Amino acid sequence: MNHIILIIVLALILVYIVSSGVKIYNRLVMFNQNVDKNFANIDVLLKQRAEEIPELVKIVKKYMEYEEGLLTKVTELRTRYLNASNNDNKVKAANELNKAFANILAVSENYPDVKANSSFLSLQQKVSELENHLADRRELYNDSVNLYNIGINEFPALLLAKPMGYGKKQLLQISEKEKQYDGVQF
């Protein structure tokens with residue numbers, strides 16, 4: 001009789017451990033899929049922006065021959081983003097592209113003829129709209145990355161996460177240039 005009770009207790013403990021492991025595994029999968037889904041939403045907008053950049057570069061290039069290095073860098077970063085093989089590489093390239101792109105817009109401020117060009121203004125407005133959408137999606141993505149990073153480091157999930165290859169993911173960052181506010185310009 002005591003053996004049967006012991007077997008039942010051990011079986012219940014085993015069922016509890018297995019079910020807890022399954023719950024943890026499913027939670028990790030959910031976090032990972034949520035991050036991937038949110039990045040895919042950002043990826044669509046980043047690709048749209050990457051397609052607009054060559055047109056802006058073309059227009060700006062006419063007006064600022066000596067800024068060639070900056071334009072070349074933006075073009076290289078755009079290519080690196082489009083050719084990135086995984087989300088981590090895309091995040092790195094997107095962060096660098098954000099910084100360089102902000103520089104192009106800042107440099108264009110020095111050229112009144114560029115700012116008055118209707119093609120430039122139209123493209124700048126499209127890119128600005130994309131940037132607003134990106135900001136919203138970036139916030140959602142960073143929230144999901146944050147939850148994922150917390151989830152893989154919580155006990156007991158970290159016992160399963162590391163051996164299963166779940167590692168820390170990078171946040172999409174805002175450049176210092178994007179954080180600056182120079183007041184309203186008239």
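In this predicted model, aspartate 43 counts as buried, at 11% relative accessibility. Aspartate 43 is found in helix α1, and, setting aside residues up to four places away in sequence, aspartate 43 touches Tyr81 and Lys90. The contact with Lys90 involves charge as well: the side chains of lysine 90 and aspartate 43 meet in a salt bridge, with a distance of 3.0 Å from N to O. Because lysine 90 lies in helix α3 and aspartate 43 in helix α1, the pair ties together parts that are 47 residues apart in sequence. Lysine 90 is buried too, with a relative accessible area of 12%. Since buried means under 20% relative accessible area, the 12% of lysine 90 and the 11% of aspartate 43 both fall within that class. A further residue joins in here, as Asp43, Lys47 and Lys90 are linked in a network of salt bridges.

The protein chain has 7 helices and 0 strands, and from the N terminus on its elements run α-α-α-α-α-α-α. Of the 186 residues of the chain, 35% count as buried. The accessible surface comes to about 11700 Å², and 57% of that surface belongs to carbon and sulfur atoms. Among contacts between residues at least 6 apart in sequence, 77% join residues at least 24 apart.

A search of the whole structure finds 4 salt bridges. One of them brings together the side chains of arginine 27 and glutamate 154, at 2.8 Å from N to O. This pair links distant parts of the chain, with arginine 27 in helix α1 and glutamate 154 in the loop between α5 and α6, 127 residues apart. Arginine 27 is partly exposed, its relative accessible area being 37%, and glutamate 154 is also partly exposed, at 30%. Another salt bridge is formed by glutamate 96 with arginine 80, where the closest N and O atoms are 3.2 Å apart. Glutamate 96 lies in helix α3 and arginine 80 in helix α2 (residues 68-83), so this pair ties together parts that are 16 residues apart in sequence. Here, glutamate 96 counts as partly exposed at 31% relative accessibility, and arginine 80 counts as partly exposed at 44%.

Returning to leucine 28, its contacts beyond four places in sequence are Gly151, Ile152, Ala157, Leu160, Ala161 and Tyr166.

Valine 145 is found in helix α5 and is buried, with a relative accessible area of 0%. Leaving aside neighbours within four places in sequence, valine 145 is in contact with Val35, Lys169, Gln170 and Leu171. The C-alpha atoms of valine 145 and asparagine 34 are separated by 8.4 Å, although the two residues are 111 residues apart along the chain.

Most peptide bonds are trans. A cis peptide bond, however, joins phenylalanine 155 and proline 156, with omega about 10°. Proline 156 is found in the loop between α5 (118-153) and α6 (157-161). Glutamate 154, the salt-bridge partner of arginine 27, is located in the loop between α5 and α6 as well.

How values were computed. Residues numbered from 1 in each chain as written. Predicted model: local features only at pLDDT ≥ 70, side-chain atom pairs only at ≥ 80, totals over all residues. Heavy atoms only, no water. Helix = DSSP H or I, 4+ residues; strand = E, 2+ residues; numbered from the N terminus. Contact = heavy atoms within 4.5 Å. Buried < 20%, exposed > 50% of the residue type's maximum accessible area, 1.4 Å probe, protein only. Areas by Shrake-Rupley, 256 points an atom, 1.4 Å probe, with all protein chains shown as cover.
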